[in-house]
Structures are given as structure tokens and as C-alpha cells.
Amino acid sequence: MALGKILLEPDTLWKSVKERTEHALQCGALLSIPTEFEFVEQDGVRFLVRILSNLNRKKAAKKKQEKQTAISGEEFNPFLPYEEDLFVADISDTHVCILNKFNVVDYHLLLITRAFEEQENLLTLADFAAMWACLADFDGLVFYNSGKIAGASQRHKHLQIVPLPLVPSGVQIPIEPLLTEAKFQDGIATIPGFAFVHAFTTLNPLMGAESTLERYHGLLQAVDFQPSGAYNLLVTREWMLIVLRSHEEFEKISINSLGFAGALLVRNQQQMQILQDYGPMTILRKVAVPTL
């Protein structure tokens, strides 16, 4: 796919995010899910664990989608068309930025393709160009759940962005202490603290979409990714990490890309107890592809 024309005006995205969030809350389009959080430490990582307070809104919306699918005979796609009240900005001629309707994290954004593409498709030059246009405006963590096993809830291709820091104090991203131990060979690294199949590389905002795409393909090759597989991808201005997936959940605790950043989500106190008993890093190992 071609690079595509960037439509986003510099230094305007974050202002639009805040304005559209306020608008979407006032009109009821944005249905934030309240949470409490605590920290659970294992293997040198202070994991941020959020506990959902109320899932009724999301459950009701899912039932509505299922009903629409049954009536139309076609799978409901919330991004074609997307809700106008959730619109944030035109990023490029291939991508639009909208608010995540059921956000747990404040200012959680979705970077969606204008035309339908499968979520399991590989990322393209246009995807990375749109991503860098957003990261030029504010510091964030971009993540991609490639496939249902990796935590994707919608088939329509979308990258997600959450502002940094993820935690109120200390490191910006909980797994950062482990990244300092990265062992590099030919620009690709492994993290000794990750006992599962993964690959890591460094980035910088000046390198552009083409170089980022090349490094992404380098990571896919390093983990021997197969088209039928699933993976999580995490990207910041400074680095990119890929993790192969084997299971969508462990003991009914769903894990997406943010889990491998050190931020987990549980539905209730029972799941929190399971997470504490096993340990968050142990659970990540259970849902990833184990190293030989």
C-alpha cells in the first residue's frame, strides 16, 4: 500500500482529543468504564492491574450489535460508519482517529482504516505513517492486537493509542526496567526477563514510516511469524516489541497488548485473586508462545 497523504495539521491532535472527549461525554457517545487499580509485583516489574467496576454498558452494547447482526445477516462493524460524536481527526487519506467508545484509560484512541481491512492483516506503510503523525503530536503507547487470540475484539483493522505515562508515578511503562537488559544482535534484541517468544528493536521519531516498516518485518522474521498466527505489537517513539500469542486468555482473564506493557485488566475480585496467586508474568507466559 502507498504511503498516503497526511491530512493532520501539526500540533492539533491533542487539542482535538481533549475537545472531542468533552463533547462525547456530554452527548453520551463516550461510555467510560470506571475502574480501580492496584499494583502486583513479579520478576522486577510492578504491574498495574485495573479492576472493572461495571461492565453493564459494554454488555448492553454487545447485545445490540449481536441483534443488528442477526437482523441484517452481516457482521456489525462499529467503524463503518464510525460514530460522528467519537470522531477526533482525519489523520491521512487512509486513516481516521476516533475515541474508544468503552475506554478504561483516559484519552484512549483508535486509529482506524477508512476502508475495511482485516485486523489480522500485516501492518503497512500507511499504518506506520498515520501512527507517526499521531506520535509527533503527543507521547503515547501504540498497540496492535493482531487477531482474536491476541485480544482483538473487532475485525476492522485498527491500531490503538494511549497517552503516556501509563502509571501515575515512576516509570512511564511498567515493563521499562526489563528493557534496559535487552540483548541485541544485528539491531534485533531479546529481553532476558521475557520467557516467551518475542523480539525487540529501537526506534526514533526521525526514522519515518519506511524504516519503521522494515524494522517491523525484521521483528516478524525474528519470531518466525506465520500468517496463521497471532501476535501483539507495542510501539513507542523509542522502541517496538512483538510477542507471539498462543491463547486469548488464562483462567478467563483476557490479555491484549497492554498486558505485555505491564498493564492488566480483571473483571472482578475473583480474577484479581487468580492473578495474585499465579503472578502477572506467569500469566503472560501462559498466553504467549513459550521459548524452547
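Is threonine 282 buried or exposed? I looked up its relative accessible area, which is 15%, so threonine 282 is buried (under 20% is buried, over 50% exposed, partly exposed in between; 1.4 Å probe, protein chains only).

I noted that the model is predicted, that local features need pLDDT of at least 70 and side-chain atom pairs pLDDT 80 or more, and that totals for chains, interfaces and linings use all residues. Residues are numbered from 1 along each chain as its sequence is written, and side-chain values use heavy atoms, without hydrogens and water.

Helix H7, residues 280-287, holds threonine 282 (helices are DSSP runs of H or I, at least four residues; strands are E runs, at least two; both numbered from the N terminus). I found a polar atom of the threonine 282 side chain 3.0 Å from the backbone oxygen of tyrosine 278.

Next I looked up salt bridges (a side-chain nitrogen of Lys or Arg within 4 Å of a carboxyl oxygen of Asp or Glu). The count is nine. Arginine 285 pairs with aspartate 43, with closest N and O atoms 3.5 Å apart. This pair links helix H7 to the loop between strands S1 and S2, 242 residues apart. Aspartate 43 is partly exposed at 44%, and arginine 285 is partly exposed at 30%.

I also found arginine 237 and aspartate 139 in a salt bridge, 3.9 Å from N to O. Arginine 237 lies in the loop between S11 and S12 and aspartate 139 in the loop between H3 and S6, so the pair ties together parts 98 residues apart in sequence.

Methods: A polar contact is a pair of N or O atoms within 3.5 Å; within protein, one must be able to donate a hydrogen and the other to accept it, and residues adjacent in sequence count only if both atoms are side-chain atoms.
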